[in-house]
Protein chains: 2
Amino acid sequence: MSYTINDIAERAGVSKSTVSRVITNSGYTSMETRQKVWKVIEELKYQPNGLARAMVSQQTNTIGVIIMANHYPVISHPFYGKVLDGILEAADHYRYSVIVTTEKEMSLSSTEDMIIKRVDGIILISRLQDEVIDFIDKYKVPYIMVNGTTEKQNVINIVNDDMQGGMLAADHLFQSGYRNIGVIVGPQEHRSHSFRYKGFSRRLKELGCQLNENMVDQTKNSKFESGREAFLAIWERSHNKPDAIFATNDILAFGAIREMNHLGLKVPDDIAVMGFDNIDFTEISTPSITTVHIEKTKMGYDAVTVLEQIIKRQEVKLEMIEYKPRLIERESTRKREI
Amino acid sequence: MSYTINDIAERAGVSKSTVSRVITNSGYTSMETRQKVWKVIEELKYQPNGLARAMVSQQTNTIGVIIMANHYPVISHPFYGKVLDGILEAADHYRYSVIVTTEKEMSLSSTEDMIIKRVDGIILISRLQDEVIDFIDKYKVPYIMVNGTTEKQNVINIVNDDMQGGMLAADHLFQSGYRNIGVIVGPQEHRSHSFRYKGFSRRLKELGCQLNENMVDQTKNSKFESGREAFLAIWERSHNKPDAIFATNDILAFGAIREMNHLGLKVPDDIAVMGFDNIDFTEISTPSITTVHIEKTKMGYDAVTVLEQIIKRQEVKLEMIEYKPRLIERESTRKREI
DNA sequence: CTGAAAGCGCTTACAG
DNA sequence: CTGAAAGCGCTTACAG
């Protein structure tokens with residue numbers, strides 16, 4: 001279909017070995033030859049066949065990204081989308097192409113596809129099944145996890161310091177004068193929700209402000225409706241009504257706000273709310289939502305950087321790369337007179 | 001590194017031709033041979049090399065997605081993310097891998113990369129430069145646009161019927177009793193913003209409700225801050241203050257809401273607001289935002305379906321595939337007594 | 001039914 | 001400095 005190195009060789013009156021040498025700029029070639037060859041290349045708009053190159057170089061300059069998700073949407077998820085943005089930016093920088101797939105539970109099909117396509121490395125996002133890791137391990141493809149949950153050893157995992165984030169949240173609400181705090185806790189089997197809650201309650205206790213059991217509600221998933229239901233549950237069962245709510249992610253917080261609105265409560269005048277993740281919506285929402293920022297894009301970017309080092313067989317020291325979260329103070333937790 | 005067809009041949013005591021035949025399930029092979037070969041394949045967990053296959057079959061089973069964007073973030077964009085979700089879902093169904101890239105203005109680097117990687121087809125998203133199209137054309141790679149803006153002929157473009165969407169918006173606000181309507185109009189060089197505005201004002205005129213020039217503000221981009229500024233401008237310069245605002249996309253609407261809040265206006269009691277796109281946040285925002293739904297995910301899915309037909313050289317009738325938008329009525333435009 | 005050969009489009013030693 | 005040959009891992013006619 002398109003031109004090959006042979007077409008160039010023929011028209012330039014040299015052998016294909018020579019053409020290859022000038023293209024790759026390796027070995028010896030005379031000035032004159034180089035000019036002839038480049039001229040033909042420009043004329044024909046020749047583009048080398050990356051597949052053929054990959055066959056001999058044994059590398060495709062392609063990395064795979066597998067996002068674990070049981071349901072669509074995946075890419076448009078306000079968290080994973082950001083991570084992917086960072087991955088694409090870094091991949092562009094390191095000159096990798098990136099193949100993106102979504103892996104449904106219990107399936108290895110997209111992982112298999114990555115192996116068949118001979119990607120140079122793989123980035124695993126979210127709570128992957130251990131079978132996926134076993135599978136990749138078997139084919140000795142370099143990989144790295146982002147925001148993963150796994151029991152496995154020797155897996156490089158890029159995560160946020162969620163414990164610390166939970167503590168930041170507790171500090172903030174306490175310092176802002178809230179003392180009767182309710183907590184909406186996302187699914188505990190997720191590493192992040194679990195640590196966020198742990199950090200939050202621990203710190204609150206240190207501050208001398210014990211969490212009342214009535215004021216904590218666990219949700220089965222991290223969706224909007226669950227946040228809404230959780231807030232209603234807390235509101236109804238509590239004797240001392242909460243003056244603030246901490247949700248272990250932003251979406252749950254938005255659910256809570258909707259329910260507050262339906263109960264006639266104003267944010268932040270009647271009740272304060274804060275979330276976790278710093279998804280884009282928290283900033284453009286009115287009122288804007290206080291939250292804990294996670295370096296989503298940076299985590300994606302760095303995942304590629306580290307993966308590239310592994311691919312190039314450079315030393316990689318760390319096993320767990322933990323990012324520091326940052327409190328983002330906004331309107332939804334305005335300071336209160338104490 | 002990994003096993004090849006030769007390893008299998010050797011251990012099964014047959015030629016590699018035979019192994020190939022059993023794997024591809026083509027030509028004749030005896031039952032006995034087949035069993036022997038499959039046994040070895042399972043034992044070794046052999047995975048064929050897709051590159052080698054692609055070399056001979058001249059197809060990679062990979063499609064490329066190029067999203068035009070001048071700035072990150074791209075993937076996490078509430079519109080493109082949804083389109084990409086649909087693309088991934090369809091690609092999974094048709095058994096394609098997908099390479100995703102972001103193309104910055106005036107650059108052909110990622111497009112070049114797609115050519116080098118020999119993708120079977122390309123999906124172009126958003127307002128691509130015509131050079132990109134020329135470039136792809138030259139290499140005769142099948143492609144298709146989603147939500148594109150181009151002067152070129154014979155380009156299959158999957159778009160939303162934005163004119164119709166604008167009319168739906170006008171009908172809705174009018175029927176809900178609003179008569180003094182302000183409009184925040186995104187950049188007119190974008191096909192979609194331009195048609196949305198056109199449809200809206202045309203319909204409003206038909207309804208006998210001429211738009212006052214003071215009540216329309218054009219923005220230089222479609223970001224939150226621009227929406228905010230635009231609303232303030234309208235508010236300050238209008239004699240009869242608006243009772244409703246239509247913004248040509250949701251993000252602009254959110255900007256307007258923030259400004260309303262700062263001016264002490266309540267939505268929808270003091271003023272109604274509606275946007276366009278139906279991004280996820282319109283639903284979880286409090287109050288929820290009335291908007292016009294676009295089949296973002298479906299557009300992505302269908303793009304792959306049509307592209308696949310072109311790749312397989314099947315007849316493709318249409319040049320422009322237009323989706324019908326749908327009004328989504330929510331809290332931000334509650335009906336008013338007339 | 002099976003194997004040897006050619007070829008997909010490159011790169012890389014190896015002679016010359 | 002340049003060209004012929006081998007090889008990357010497959011598939012596909014072609015003999016047998």
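Two residues are taken to be in contact if their C-beta atoms, placed from the backbone, lie within 7 Å. By that criterion, 47 residues of chain B touch 48 residues of chain A. The model described here is predicted.

- On chain B, the elements that give two or more residues to the side touching chain A are H4, helix H5 (80-94), strand S2 (97-103), helix H6 (109-116), H11 and helix H12 (280-284).
- This side of chain B divides by class into 24 nonpolar, 12 polar and 11 charged residues.
- Of the interface residues of chain B, 100% are also interface residues in chain A, so the copies meet through the same surface.

**Symmetry of the two copies**

- Chain B is superposed on chain A by a rotation of 180° with 0.0 Å of shift along its axis, and the RMSD is 0.1 Å.
- The two copies are thus related as by a two-fold rotation axis.
- Among the residues of chain B, B:Ile99 comes closest to the rotation axis, with its C-alpha at 2.2 Å.

**Surroundings of DNA strand C**

- DNA strand C has 27 residues around it, of which A:Ile5, A:Ser20, A:Asn49, A:Ala52 and B:Ser17 come nearest.
- Two or more residues of this surface come from each of H2 and H4 of chain A and H2 and H4 of chain B.
- H2(A) gives the most to the surface near DNA strand C, namely 6 residues.
- The residues of the surface near DNA strand C comprise 10 nonpolar, 14 polar and 3 charged.

**Surroundings of DNA strand D**

- DNA strand D is surrounded by 27 residues, and the closest are A:Ser17, B:Ile5, B:Ser20, B:Asn49 and B:Ala52.
- The most is given by H2(B), with 6 residues of the surface near DNA strand D.
- By class, the surface near DNA strand D has 10 nonpolar, 14 polar and 3 charged residues.

**Helices H10 and H11 of chain B**

- Helix H10 (residues 224-237) and helix H11 (residues 250-262) of chain B have axes that come within 6 Å and cross at roughly 55°.
- H10(B) and H11(B) are therefore oblique to each other, and their crossing is right-handed.
- Residues making the contact include B:Phe224, B:Phe231 and B:Leu232 of H10(B), and B:Ile251, B:Phe254 and B:Met260 of H11(B).
- The contact of H10(B) with H11(B) has 10 nonpolar, 3 polar and 4 charged residues.

**Backbone details in the loops of chain B**

- B:Val267 and B:Pro268 are joined by a cis peptide bond with omega of about 0°, and B:Pro268 lies in the loop between H11 and strand S9 (272-274) of chain B.
- The peptide bond from B:Thr286 to B:Pro287 is also cis, with omega near 0°, and B:Pro287 is placed in the loop between H12 and strand S10 (291-293) of chain B.
- B:Lys45, a residue other than glycine, has a positive phi near 55°, and B:Lys45 is found in the loop between helix H3 (31-44) and H4 of chain B.

How values were computed
Residues numbered from 1 in each chain as written. Chains lettered and ligands numbered in written order. Predicted model: local features only at pLDDT ≥ 70, side-chain atom pairs only at ≥ 80, totals over all residues. Axes fitted to C-alpha atoms, helices over the stretch in contact; angles between N-to-C directions. Helix = DSSP H or I, 4+ residues; strand = E, 2+ residues; numbered from the N terminus. Parallel < 35°, antiparallel > 145°, perpendicular 65-115°, else oblique. Left-handed = near helix turned anticlockwise from the far one by under 90°. Nonpolar A, V, L, I, M, F, W, Y, C, P; charged D, E, K, R; others polar. Near = placed C-beta within 6 Å. Least-squares fit on C-alpha atoms with pLDDT ≥ 70 in both.
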